[in-house]
Amino acid sequence: MRVAIAGGGLAGLACAKYLVDRGYQPIVLEGRDVLGGLVAAWKDEDGDWYETGLHAFFGAYPNMLQLMKELGIENHLQWKQHTLIFNQPEKPGVLSRFDVPDIPPPFHIISAILRNNDMLTWEQKARFAVGLLPAVIRGQQYVEDMDRYTLLEWLQRQGIDERVNSDIFIAASKALTFINPDEVSATITLTALNRFLRERYGSKIAFLDGSPTERLCQPMVDYIVAGGGEVHLNKPLKEIQLAEDGQVNGFLIRGLNGAGDEFISADVYVSAVSVDVMKVLLPNPWKCVPFFQQLNGLEGVPVINLHLWFDRKLTDVDHLLFSRSPLLSVYADMSNTCKAYADSDRSMLEFVLAPAKDWINQPDTEIIAATMEELKRLFPQHFGTDQPAQLRKYKVVKTPRSVYTASPGRQSYRPAQVTPIKNFFLSGSYTQQKYLGSMEGAVLSGKLTAKAIAERSHSLGSNLSKSSSEKALV
Ligand SMILES: Cc1cc2nc3c(=O)[nH]c(=O)nc-3n(C[C@H](O)[C@H](O)[C@H](O)COP(=O)(O)OP(=O)(O)OC[C@H]3O[C@@H](n4cnc5c(N)ncnc54)[C@H](O)[C@@H]3O)c2cc1C
């Protein structure tokens, strides 16, 4: 059975991988000339990689880790020390660590918080712990009910000190969702916190040992093709064409560089494009269907990824860092953290700039100038001195609409993978799955879509689509 999948991000590729495992023939149609979507990466003229996003993998990513195991590429992950590292704005250049000991949960995280004396007083820690209790005791249902509050509102309701917000939650919220605690749903941060508290290695961080395109997407493509599937670049979906009965008749693919449009016919169709693109591609008759109207409640959030190459080594820290800067979110010196980007003499800093709504339309030069100002605080020993480190080159990658904006109330707009259209399914990290918009969420959504297709085709038998002989006539 042929399954046409529009979108070659992690969700589309994971869906294809799990369809191959179930004996289906997936055909992935990626619109751009690169796979990976939000994890896509490119090589510049010097052979240096730059990426759509700085990506951290967590121990609490069971579906991603399982996928990598099934592909035989677990060794592409470089696990770092079990610690979370924060810059201290009031002490430029000084880092504060939450070292997580290798003891059973939740004592590992509690111990990490209690042993850190740089960021919170004992009273603040105690009030934080008491405020967190309902989330720990009452579990996921409580966490999901909190989707009606912003994180800031929730912290205030729990009587948690403002200092906990400014010390920890602004950084966590920006890192997880690219927005601040006064905008993000409390559910998002509480879900992550809950997993970290419950899983011994949940908050342990890994980096890929090279670009996601080469080290994660390509092995998925090899697996799909070896299993009889296909993966095509430069195949942008232009239109979802409907049959008279309202089912999907085929995907119309836009012809590029003067070529004509192409009609692709399959038994089943999957949209694994982002929610913003899906809203534009919705066929008119579907626009009044409540299921598809849910999509109007979701919208991608802007984010910017920065790469700065310097003439010297700025740090030997081999880890993700929370900058705690109003401009920047997390960062890493990729010359330390990533094997394929390694340089023992010169640093390449990769930063996520978030929230990015006020910067997304600014020229790259202004973004870099503002970032260089921040570096004086993050690395005072290398900037603002007689011989400051020199910026050799930079790359700015802007994504005006990335993962869905995780503001309060969004959970109820996230659509299921199964749609009211018999031969049409959705995939993507924005769809309903228990993780936020993340790589783990994308992989899980792809897996759920493959499962849903198998279940629906079993229950409907040959009625799922036109028969193969009918299709050959299209
Ligand atoms: C800066 C940044 C940092 C991030 N950091 C992390 C992190 O540290 N950890 C983490 O877990 N997650 C992180 N994420 C989130 C993660 O990258 C995404 O949640 C995940 O990759 C989304 O995958 P997806 O397949 O659902 O969507 P997408 O990646 O958006 O894939 C959609 C695909 O559809 C394609 N497409 C669009 N239109 C068409 C069309 N008309 N026809 C055909 N194809 C089309 C796109 O080109 C794309 O390939 C980060 C994201 C960004 C931007």
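This is a predicted model: local features need pLDDT of at least 70, side-chain atom pairs count only at pLDDT 80 or more; totals for chains, interfaces and linings use all residues.
Modeller: A helix is a DSSP run of H or I with at least four residues, and a strand is a run of E with at least two, both numbered from the N terminus. By that count, Asn-234 lies in the loop between β10 (230–232) and β11 (237–242).

Colleague: Why does Asn-234 count as partly exposed?

Modeller: Asn-234 has 16 C-beta neighbours inside 10 Å. A residue is buried with 20 or more other C-beta atoms within 10 Å of its own, exposed with 12 or fewer, and partly exposed in between; C-beta atoms are placed from the backbone. The value 16 falls in between, so Asn-234 is partly exposed.

Colleague: And what makes Asn-257 exposed?

Modeller: Asn-257 has 5 C-beta neighbours inside 10 Å, so the residue counts as exposed. Asn-257 lies in the loop between β12 (248–253) and β13 (262–264). Its phi is also positive, about 55°, and Asn-257 is not a glycine.

Colleague: How do you know whether Glu-214 is exposed, partly exposed or buried?

Modeller: Glu-214 has 17 other C-beta atoms within 10 Å, so this residue is partly exposed. Glu-214 sits in helix α8 (residues 212–226). Its C-alpha atom is 36 Å from that of Phe-291, a residue 77 positions away along the chain.

Colleague: How do you know that β11 and β12 pair?

Modeller: Two strands pair if DSSP finds at least two bridges between them. β11 and β12 share 5 bridges, in the antiparallel sense. Leu-237 stands opposite Ile-253 in β12.

Colleague: What is the order of the open sheet of 3 strands?

Modeller: The order is β11-β12-β13, with antiparallel pairing. β11 and β13 stand at the edges with a single partner strand each, so one side of each has no neighbour in the sheet.

Colleague: Which peptide bonds are cis?

Modeller: Among them is the bond from Pro-105 to Pro-106, with omega near 0°. Pro-106 lies in the loop between β8 (95–99) and α3 (107–115). Another is the bond from Ala-354 to Pro-355, with omega near -10°. Pro-355 lies in the loop between β18 (348–353) and α12 (364–378).

Colleague: How is the protein divided?

Modeller: The domains are domain 1 (2–39 + 211–299 + 406–470), domain 2 (95–201) and domain 3 (303–399). Their bounds come from an automatic or database domain assignment. The centres of domain 1 and domain 3, taken over C-alpha atoms, are 35 Å apart.

Colleague: Why is the ligand said to lie between domain 1 and domain 3?

Modeller: Both domains give residues to the shell around the ligand, so the ligand lies between them. A residue is near a molecule if its C-beta atom, placed from the backbone, lies within 6 Å of it. Of the 39 residues around the ligand, Gly-7, Gly-9, Gly-31, Gly-37 and Gly-53 come nearest. α1 (10–21), β15 (303–310) and α13 (439–460) are the elements that give two or more residues to the shell. The largest share, 4 residues, comes from α13.

Notes:
Residues are numbered from 1 along each chain as its sequence is written.
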